[in-house]
Amino acid sequence: MIALPGPPTVQLSNEYIGTLDAGGHCVLEMPSGTGKTVSLLSLIVAYQQYYPEHRKLIYCSRTMSEIEKALAELKSLMKYRADQLGRDEDFRGLGLTSRKNLCLHPSVKREKSGNVVDARCRSLTAGFMKEKKERGEDVELCIYHDNLDLLEPHNLIPPGVWTLDGMLRYGEQQKQCPYFTARRMMPFCNVIIYSYHYLLDPKIAERVSKELSKDCIVVFDEAHNIDNVCIESLSIDLTEDSLRKATRGANNLERKVTEMKSTDAKKLQNEYEKLVAGLREADKGRQEDAFMANPALPDDLLKEAVPGNIRRAEHFIAFLKRFVEYLKVQATHALRPLLSPSDSIQTRMKVLHVISETPPSFLQHLKDLTFIEKKPLRFCAERLTSLVRTLELTSIEDYQSLQEVATFATLVATYEQGFLLILEPYESETATVPNPVLHFTCLDAAIAIKPVFDRFSSVIITSGTISPLEMYPKMLGFATVVQESYTMTLARRSFLPMIVTRGSDQVAISSGFQIRNEPSVVRNYGNLVMEFSKLTPDGIVVFFPSYLYMESIISMWQGMGILDEVWKYKLILVETPDSQETSLALETYRTACCNGRGAVLLCVARGKVSEGIDFDHHYGRSVICIGVPFQYTESRILKARLEFLRENYRIRENDFLSFDAMRHAAQCLGRVLRGKDDYGIMVLADRRFQKKRTQLPKWIQQALLDSDTNLSTDMAVASAKKFLRTMAQPFHARDQEGISTWSLADLERHKEKIEEEKIRELQEARRNGARGGAVRDEFEDYEMEAVMMEIDT
Amino acid sequence: MSKATARGGVPRRPGDEDDICPVCKSSRYLNPNMRFLVNPECYHKMCESCVDRIFSQGPAPCPVAGCNRTLRKQRFRKQTFEDIQVEREVDIRKRVAKVFNRRQDEFETLDDYNDYLEEVETLTFNLLNGVDVSATESKLTEYATQNASIISRNATLEHQESANLEARQAAEREEARLRREAARKEEEDEKKAREEGRKEVLEQLVHGNKPAADVVKESKRVELLKRRRAQQSRALPALPSGTPSANSNPFTFKGLKSTAAPTPEKPYDPFGGLTDERSYYTLQDYYEHPWLDRARTDTHITAGGYTVTEYCARAMFEAFSGLGVFVGEEVAGRGDLPGGNGAGDAVAAAEAAARAEKGVS
Ligand code: SF4
Ligand SMILES: [Zn+2]
Ligand SMILES: [Zn+2]
């Protein structure tokens with residue numbers, strides 16, 4: 001018996017153990033910052049240890065700090081279990097992150113870029129380098145890696161839970177590489193905690209997660225953005241610069257091949273013979289040191305022989321060159337109108353057009369122009385890997401761009417649906433100098449995650465803000481057995497959500513396109529921020545829908561003297577797209593909150609701050625969400641995705657945009673409440689939130705009183721003041737008992753109650769016959785938003 | 001915009017280092033409209049005005065030092081690829097692909113096909129790199145003359161395929177456009193309906209004498225119903241039925257054989273494949289039977305329409321009709337029925353059925 005942290009967990013365990021037993025996937029929403037991670041971990045570990053199979057747990061999180069946090073929680077959980085059980089269990093829990101974070105090699109670890117670390121590590125650890133050394137050649141190897149071979153392969157590190165920090169320390173002590181220790185120990189772990197990418201990015205998943213058995217329990221934590229992660233992992237951007245680099249890479253390869261032909265032609269001949277037999281055969285030599293992997297190669301491809309016209313190294317290189325040249329033609333094509341000299345500058349700018357194309361039509365034109373067929377294209381990525389391995393190249397960072405091109409080739413020839421090629425003349429929205437980018441964008445989040453659902457019998461997708469739940473199974477293409485949103489039980493009302501729809505002058509406020517820049521609206525927003533900076537102790541976080549809007553509103557506030565007024569009460573700090581500047585601002589913000597000066601942090605709802613950074617306790621007593629954070633709807637990629645969702649999953653454009661905006665808003669709100677003893681005010685400042693509130697997570701909805709959904713600024717201020725007064729009362733940990741933490745007796749009482757309820761339900765069911773399920777209407781708001789009208793124009 | 005044509009030539013970007021005509025040495029800086037042309041004879045690049053100047057009078061030798069090939073004006077064209085080698089390679093490939101256009105389904109095994117591909121590639125490489133050019137060229141022509149019919153057949157096939165693909169893509173684009181339109185319209189309608197509903201409620205509130213709460217509640221209910229109906233209609237497969245082959249037959253490379261048109265549906269056969277064709281005997285026109293002779297000739301008999309052939313056909317049919325029935329099989333088949341193989345079992349089964357019926361009622 002283990003003590004569980006809180007009531008949601010009990011409900012959870014009842015339903016959830018069933019799913020683990022029966023197999024199936026689920027989506028769970030649990031209030032963030034209230035021990036979600038530890039509840040899930042404790043439950044699954046208890047299940048795991050109870051049954052003799054000891055099913056492995058794979059726990060995926062987003063950032064390195066979240067991974068480290070989860071590891072720490074797992075560690076204390078295991079300690080707790082050991083105390084309760086009176087013995088140490090035979091248990092291993094490890095975390096994995098990139099080489100850059102885990103490298104110990106004195107010079108390699110100092111490299112700034114992760115790619116360079118990977119490349120340099122490979123040159124120090126690759127199998128053929130070792131062979132060279134054994135032949136007596138003078139090559140440098142990494143001692144941390146070599147030492148691993150002296151240990152028992154299944155016992156590289158003692159049992160227990162190792163945080164990343166702990167691994168680094170142990171590695172330094174024993175002079176062994178933490179990265180490879182973790183990689184090699186993965187089959188022997190009970191719990192693995194790593195980043196999403198190790199499962200979702202096909203290029204990495206194939207390498208790292210291939211050996212994990214089918215009965216693993218997979219958890220995606222903080223998964224409200226999982227669809228975007230999936231899409232990004234299969235999308236590729238190619239610029240003219242990267243194409244130029246790819247050409248250079250191809251030329252390098254050509255030189256290397258000629259070299260090898262004169263010195264060691266046998267190796268090339270060997271490779272050729274293997275390729276005749278098929279990729280799988282050629283693949284046998286593939287190991288953890290391999291250069292790169294194939295993206296989502298269908299299985300039949302691996303069994304098939306490589307097409308005859310790319311079997312020979314020189315043929316393949318010529319093939320690649322032709323392909324890259326074709327892409328260059330495409331890229332310059334986007335610039336065409338710019339160069340017609342008769343037009344004036346303005347019209348030239350305007351006629352620069354965006355081209356979008358489906359994979360089949362791309363392939364058709366490719367074939368017409370360069371005689372490149374679809375089939376050899378599909379083999380491109382894998383063929384390149386094989387060649388790089390045969391040539392025993394060490395400086396693989398030179399081939400990064402070429403690899404990207406090859407991956408693109410494979411993807412474009414493999415999937416004809418769910419992808420789109422978009423050629424844009426400008427790299428970003430703000431760029432003025434044309435620099436064409438070829439976006440190969442994945443539109444279907446289900447493609448990347450499908451292997452995960454196919455492979456593992458229990459996948460859990462969870463987050464603090466993952467409403468509406470049914471959106472996720474739809475977008476990711478899977479069926480759930482449990483789909484549940486848990487509310488929070490707290491001893492006191494520890495957060496106050498409010499919707500402010502108008503200013504004190506009764507003028508409606510909104511970031512809608514038509515009125516967002518009207519002085520009355522901007523002034524009202526300014527007053528709201530000003531009032532709250534007066535009444536809130538310590539820190540306030542303000543979120544804007546976009547950088548552009550933030551900039552314009554700040555300059556208007558400057559003119560209205562609002563900033564000066566705020567300045568009297570708080571420091572003002574601003575997030576910028578530059579991450580260094582932002583982290584400096586954050587640091588200053590924290591200092592100001594700690595020393596009592598207090599500060600306002602102005603940031604963007606889709607920026608770095610809104611995702612990864614917590615504002616617990618005095619770091620965030622109020623959060624104000626100015627406007628509904630809709631996406632920039634003019635983006636071609638977004639438009640294509642919206643269309644795809646509508647056509648394939650029957651998700652309407654407005655529904656998706658609204659859902660997406662609300663999940664970001666909820667994510668912003670959740671930033672301030674990070675624990676049971678924390679408290680904070682959440683202000684949603686836009687008229688349109690009133691209708692969208694049903695799309696908020698259940699735990700926020702529950703706390704949002706009807707009377708608080710249509711406030712003016714002065715009403716909100718009064719309400720907030722009252723709330724802060726009650727929060728100022730002393731609060732003891734003891735008060736929580738029986739409400740948000742339970743003793744064993746509480747637990748038993750709860751069980752009885754549940755059982756009684758069940759019996760009653762059954763009786764009722766018998767009396768009534770079958771009861772129809774209640775229809776829920778998640779999307780109340782069908783109103784055409786001003787912002788969204790822009791989509792069609 | 002027709003993509004195929006728009007894709008043809010590509011202007012060079014300003015700032016490229018090779019922006020000086022190697023012949024007249026004028027640069028883009030002086031002449032921003034300068035365009036370069038190449039001739040597939042030697043692929044030496046020169047500007048348009050040079051081409052006009054040198055080759056307008058008829059064929060002339062290439063002005064690039066050491067080249068000396070004779071060039072004609074009409075063969076000059078814009079350069080497609082940045083890399084002139086690739087430009088040349090593609091020209092050669094075009095020639096080779098015209099001749100070697102075998103298809104995978106023409107080969108016994110995939111390995112054979114792959115070997116073929118490799119061989120063609122090697123030939124191409126020979127031409128590209130100037131290895132054994134004359135031998136390769138003669139191989140090419142030899143093959144072309146020997147396999148002329150196959151080559152032209154495959155070329156037609158290829159042409160057809162790409163035409164089909166084009167048509168399909170056009171159809172798909174059109175469908176997508178229609179769907180997009182429909183979605184937009186639906187949204188607009190909904191909005192309009194909602195606005196009207198709202199107006200109605202206001203009217204009722206102003207003029208009617210129902211309690212306000214009732215009016216609002218009623219209108220909400222109506223709206224909910226409407227919305228649900230709309231959702232239901234949306235849930236139905238709204239895809240307009242396009243050409244059936246468009247969606248069911250995606251663009252895969254196994255699809256090489258997919259060009260065969262779907263077999264037309266056979267006419268409906270009410271007998272499910274049973275025919276009255278004789279499979280055990282052939283009916284003769286004449287059977288020797290003395291006692292039938294009278295029936296053939298006696299007008300008393302033939303006057304009524306009696307024909308001997310009719311009689312013979314029936315007699316033969318009856319004699320052979322039992323041959324299609326295999327008693328052994330039928331008995332065995334009966335044994336598979338649930339409940340065993342006897343009359344007693346049949347009774348038991350009937351009883352069971354009766355019991356079941358009673359249980360239901
Ligand atoms: S083996 Fe480990 S320590 Fe050595 S270079 Fe690679 S990552 Fe660094
Ligand atoms: Zn010239
Ligand atoms: Zn010449």
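A salt bridge is counted where a side-chain nitrogen of Lys or Arg lies within 4 Å of a carboxyl oxygen of Asp or Glu. The exercises below apply this rule and others to a predicted model.

**Exercise 1.** Determine which parts of chain A are tied together by the salt bridge between Lys321(A) and Glu254(A).

*Solution.* Step one is the distance: the two side chains meet at 2.7 Å, N to O, and the cut-off is 4 Å. Step two is the location. Lys321(A) belongs to helix H17 (residues 313-333) and Glu254(A) to helix H13 (residues 240-263), so the bridge ties together parts of chain A that are 67 residues apart in sequence. Step three is accessibility. Lys321(A) counts as buried because its relative accessibility is 19%, and buried means under 20%. Glu254(A), at 36%, is partly exposed.

**Exercise 2.** Classify the residues of the salt bridges Arg652(A)–Asp655(A) and Arg296(B)–Asp293(B) as buried, partly exposed or exposed.

*Solution.* For the pair in chain A, the N to O distance is 4.0 Å. Arg652(A) has 8% relative accessibility and is buried; Asp655(A), with a relative accessible area of 8%, is buried as well. For the pair in chain B, the distance is 3.0 Å. Arg296(B) is partly exposed at 26%, and Asp293(B) is partly exposed at 34%. These two residues of chain B stand 3 apart in helix H9 (residues 290-297), which means a separation of about one helical turn.

**Exercise 3.** State how many salt bridges the rule gives over all chains, and name the residues linked in a network of them.

*Solution.* The count over all chains is 58. A network of salt bridges links Asp227(A), Arg606(A), Arg641(A), Asp660(A) and Arg663(A).

**Exercise 4.** Identify the residues of the nonpolar surface patch and of the patch of negative charge in chain B, and locate one residue of each.

*Solution.* The nonpolar patch, of about 280 Å², consists of Leu202(B), Leu205(B) and Val206(B). Leu205(B) sits in helix H6 (residues 148-207) of chain B. Its relative accessible area is 36%, and membership of a patch requires over 30%. The negative patch gathers Glu195(B), Glu196(B), Glu200(B) and Glu203(B). Glu196(B) is likewise in helix H6 of chain B, and is partly exposed at 47%.

Note on methods
Residues numbered from 1 in each chain as written. Chains lettered and ligands numbered in written order. Predicted model: local features only at pLDDT ≥ 70, side-chain atom pairs only at ≥ 80, totals over all residues. Heavy atoms only, no water. Patch = residues over 30% accessible without salt bridge, like charges linked within 9 Å, V, L, I, M, F, W, Y side chains within 5 Å. Areas by Shrake-Rupley, 256 points an atom, 1.4 Å probe, with all protein chains shown as cover. Helix = DSSP H or I, 4+ residues; strand = E, 2+ residues; numbered from the N terminus. Buried < 20%, exposed > 50% of the residue type's maximum accessible area, 1.4 Å probe, protein only. Lys, Arg positive; Asp, Glu negative; His and termini not counted. Charge placed at Lys NZ, Arg CZ, Asp CG, Glu CD.
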